[in-house]
Amino acid sequence: MNRIPNPDVVFPNEYDTSCFLKNVITAPNITVGEYTYYDDPVDPTAFERNNVLFNWPEFGDHLIIGRFCSIASGVKFIMGSANHRLSSVTAYPFHVFGGLWAECTPSHLSQLPFKGDTVVGNDVWLGRECVVMPGVTIGDGAILAAHSVVAKDVEPYTVVGGNPARPIKKRFSQELIDLLLRLRWWDFPPEQLANFLPALCSENLEEVRDMIKGMLEA
């Protein structure tokens with residue numbers, strides 16, 4: 001057990017460029033699962049400050065990131081309070097500049113469109129410099145290509161890319177995707193996961209499919 005990487009450390013290896021994010025998050029509206037890491041050669045521990053933009057918890061939206069996600073350098077999450085009022089003839093945020101402007105206008109946050117929570121599933125790979133817009137849900141096992149701007153939900157085990165990001169391909173057959181979603185290997189106890197790693201890293205997908213079938217039918 002003591003040879004299994006510890007999810008409660010900040011830097012899991014000697015390179016100090018990747019950190020397990022759950023151990024450096026302080027905002028009450030950000031939740032990150034175990035073993036999800038952010039990689040940054042400058043300061044990965046500053047993820048909350050540099051990569052989650054316009055985060056005002058009082059606005060009411062949340063950023064929820066699952067387990068075993070790989071987040072490359074420069075990935076940005078745009079929170080809902082980055083928006084401007086769209087329901088009036090001007091989008092200019094007069095209220096935030098105070099004075100008479102504030103007295104004559106409703107509070108800024110109260111007029112912003114609410115997109116809901118941003119949710120990233122488990123085992124998601126977010127490529128370098130990609131941007132995730134407010135209210136997006138990214139399914140388990142998805143891959144976001146570098147420099148993508150993700151403005152719509154992403155299906156599980158789907159590769160997307162571009163601006164705006166569009167589906168490029170499914171990673172696996174629908175049968176294998178359904179089996180993986182049922183298996184939920186990211187919830188395995190540490191010892192079981194360690195024993196299952198050869199299957200997770202195998203390129204023989206037919207063999208892996210048959211193994212998972214056997215596990216689910218046992």
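Residues are numbered from 1 along each chain as its sequence is written, and side-chain values use heavy atoms, with hydrogens and water left out. Because the model is predicted, local features need pLDDT of at least 70 and side-chain atom pairs count only at pLDDT 80 or more, while totals for chains, interfaces and linings use all residues.

Helices (H or I, at least four residues) and strands (E, at least two) are DSSP runs, numbered from the N terminus. Two strands pair if DSSP finds at least two bridges between them. Trp-125 has Ile-143 as its bridge partner in β12. β14 and β15 run antiparallel, with 5 bridges between them. A hairpin connects these two strands through 2 residues. Gly-162 is bridged to Ala-165 in β15.

A further open sheet has 4 strands, ordered β4-β7-β10-β13, with parallel pairing. Its edge strands, β4 (52-53) and β13 (149-150), each pair on one side only. β7 pairs with strand β10 (residues 131-132) in the parallel sense, over 2 bridges. There, Lys-76 has Val-131 of β10 as its bridge partner.

Rolling a probe the size of a water molecule over the atoms shows where empty space is left. Pockets were found on a 1 Å grid over the protein atoms alone; each is an open set of points where a 1.4 Å probe fits, with protein on both sides within 12 Å along at least five of seven lines, and lining residues have an atom within 4 Å of a point. Grid points are joined across faces, edges and corners, and a volume is the space filled by probe spheres set on the points.

The largest pocket has a volume of about 670 Å³. It is lined by 33 residues, of which Asp-123, Trp-185, Leu-193, Leu-197 and Leu-200 are the closest to its centre. The elements giving two or more residues to this lining are α3 (174-183), α4 (190-200) and α5 (205-217). The largest share, 7 residues, comes from α4. By class, the lining has 27 nonpolar, 2 polar and 4 charged residues. Here Ala, Val, Leu, Ile, Met, Phe, Trp, Tyr, Cys and Pro count as nonpolar, Asp, Glu, Lys and Arg as charged, and the others, Gly among them, as polar.

The second largest pocket has a volume of about 190 Å³. Its lining includes Lys-152, Asp-153, Glu-155 and Arg-166. β14 (158-162) and β15 (165-170) each supply at least two lining residues. β15 gives the most, with 3 residues. The lining divides into 6 nonpolar, 1 polar and 4 charged residues.

On the surface, Tyr-92, Val-96, Phe-97, Leu-100 and Trp-101 form a nonpolar patch with about 540 Å² of accessible area together. Patch residues have over 30% relative accessible area and no salt bridge, and nonpolar side chains (Val, Leu, Ile, Met, Phe, Trp, Tyr) are joined within 5 Å, like charges within 9 Å. Accessible areas come from the Shrake-Rupley method with a 1.4 Å probe; for residues, only the protein chains shown count as cover. Phe-97 lies in the loop between β7 (76-78) and α2 (99-103).

The structure holds 6 salt bridges (a side-chain nitrogen of Lys or Arg within 4 Å of a carboxyl oxygen of Asp or Glu). One of them joins Arg-67 and Glu-34, at 3.7 Å, N to O. The pair links distant parts of the chain, 33 residues apart. Arg-67 is in the loop between β5 (63-65) and β6 (70-71), and Glu-34 in the loop between β2 (30-32) and β3 (37-39).
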